[in-house]
Amino acid sequence: MSASFISAENLGHSFHDNWLFKNVTVGINRGRRVALVGVNGAGKSTLLKILSGSLKPTEGKVAQAKELNVGYLEQDPDFKGALTISDYIFHADNKQQQAIRKYEELLENDPDNMDALNKVMEELSEIDAWEYEYKIKTILGRLDIHHLNQQITTLSGGQKKRLALAKLLIEDPELYVLDEPTNHLDIDTIEWLEKLLTEGSKTILMVTHDRYFLDNVCNEILEIDKGKIIPYAGNYAYYLEKKAEREAADEASFQKNSNLLRKELEWMRRQPKARGTKSKSRIDAFYDLEAKTKNGGPKQNVELSVKTARQGNKIMELHDVTKGFSGNTFVNDFTYTFKKGDRIGLAGKNGSGKSTLLNLITGNLQPDSGKIDTGETTVMGYFNQAGLTFKDDDRVIDIVKNVAEFITMADGKTISASALLTLFLFPPAKQYGMVAKLSGGEKKRLHLMKILMKNPNFLILDEPTNDLDIDTLNVLEEFLMTYPGILMLVSHDRYLLDKMAEQLFIMEPGGHVRIFNGNYSSYRTELEESKQQAKKPAPVTAPTPAPQAKKSKLSFKEEKELEGLEKEIAELEDKKARASEALNKTGIDAKTLSDTTDLLDKLDAQLEEKTMRWMELSELKEA
């Protein structure tokens, strides 16, 4: 049995006489990757703080393994008086880190000072720190942290969260305690983080709303429900299945929640993303359960089906649209005609131009060239973080009544502002309370409700999932599945993109917008298959004579080019291997380091070009 890192007995915690949980007993064993799940306000972040040792519980006790090294990523990180990024990242009493700090700062601020560079490189070799330097540089680069002298006070909220995550990954503690680690990361970085956290036998305790991340990283779920902990030994898909079975045994709970859970589990199984590994007997058993409980009572569905404005034939047309800033082009010569029923996901790295394209579509920006023609009946609804501008002393119901006292629903019925708030999961006690008492997720839900009350038929959602718990996300998704207008979605949540988007706009370098027909998992599968194919040049074997009846579609010149490409690709791979080996040697000087890095970039570009041409000619030959 694996050793216990943390054991907690009879934990209880309250705020202002309101108990979040009582009599909770929980253990975190070495090598387990555990996720806490539960609705907003259930006490997930509070329990993380207690188990990490940063908060004392109202009742009970927590015991940690002797000299356990815990790394805790908070939602709002504390930088403990550090002024610059370097101050925070590098420990003063860590000799390797201080040498690396000196080297990185010289490269950034005084790269021509060869004497100083050679001296610090000798020091890095002496203390065997080159591998550590590479690890630190990789982590900082992947999390988009570059200027080590930058003052922490000048960083945005997202940059601060990424900086705190970088420090934790560099330190590689025995126990990772992570509160929403995927917030403010783009999808590529989330997938990189997934791989990093599942390498080796890391021990992890985390809270996340990202269901693919949860499913791929965690092998144990702890659900906080009505102040109690319910353990599930498996990933998120397994948790959904067992939770639905448990609730089926409790008819009252089943009638409220099981339908949503079953729909979600069924949908996850249809995805191409590693869904083929489930046991057939477990799947059959689950569908038997579905059949038996089909008529188990009335289902309670949340109907967020507000009316949308009538949509004419002409929605919006973009003709050769280009937009750039400070010499950088973010949207280049983009043409698209929006059609009824369009459900589009917008994907790309942070800073790739997603917000620029959205602001062009909403009219907040004008293109440098090209034309945007919007239909007369098109009514935009734009949900983004900047719209959260409520006054703390406003009552929730007054915010809704300021838009309209009564709202027309999709079926033509009219309901009061209070009734609509109830549908949006705001009970009467919340409706007459102040906005200041709402959580971040509740404020987002209220903002979305205000937008929908204006009956938009073209809805843009920019990162709607941050601060929302999984149950609230399920309700939002149920609404979006039946939304009849145009939907554009920007999200780092791959699960949401897969479920909601039937088409992707991929923001690529140079402002090119690639249109992909399919959801995000399909796109990633295609990308991975292309990469694997590109890595496989044709095996160098004796050529097999082609059957006489089949004549090659290649010209004599193309046949010779194909033969030459196989040799060129092999030579380039050999050169790349030698350059990589040289780069890993200790004692390498700064100029050689720079020249070798440039050479590797050139070799990668040549390899990609040659491999793509080889694939093109091979396909022609086999056609």
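In what order do the three strands of the open sheet come, and is their pairing parallel or antiparallel? The order is β11-β10-β13, and the pairing is antiparallel. Neighbouring strands here are turned by 20° against each other on average, direction ignored.

A quick word on ground rules. This is a predicted model, where local features need pLDDT of at least 70 and side-chain atom pairs count only at pLDDT 80 or more, while totals for chains, interfaces and linings use all residues. Residues are numbered from 1 along each chain as its sequence is written, and side-chain values use heavy atoms, with hydrogens and water left out.

Back to the sheet. Strand β10 (residues 316-325) pairs with β13 in the antiparallel sense over five bridges; two strands count as paired if DSSP finds at least two bridges between them. Met316 has Thr374 of β13 as its bridge partner. Lying across β10, β11 and β13 is helix α12, which runs at about 130° to β10. Angles run from 0 to 180 degrees between N-to-C directions, with axes being lines fitted to C-alpha atoms, for helices over the stretch in contact (heavy atoms within 4.5 Å).

Here are the helices that come up in this report; helices are DSSP runs (H or I, at least four residues) and strands are too (E, at least two), numbered from the N terminus.

| Helix | Residues |
|---|---|
| α3 | 95-109 |
| α4 | 114-126 |
| α12 | 354-362 |

Helix α3 has 15 residues and reaches 21 Å from its first C-alpha to its last, close to the 21 Å expected, which is 1.5 Å times one less than its number of residues. At the N-terminal end, Asn94 is the cap: one of its side-chain oxygens lies 3.1 Å from the backbone nitrogen of Gln96. Several α3 residues are buried, including Ile100, Tyr103 and Leu106. Buried means under 20% relative accessible area, exposed over 50%, and partly exposed in between (1.4 Å probe, protein chains only).

Lys119 is found in α4 and counts as exposed because its relative accessibility is 65%.

As for the whole chain, the secondary structure comes to 21 helices and 20 strands. Buried residues make up 45% of the 623 residues.

Notes:
A polar contact is a pair of N or O atoms within 3.5 Å; within protein, one must be able to donate a hydrogen and the other to accept it, and residues adjacent in sequence count only if both atoms are side-chain atoms.
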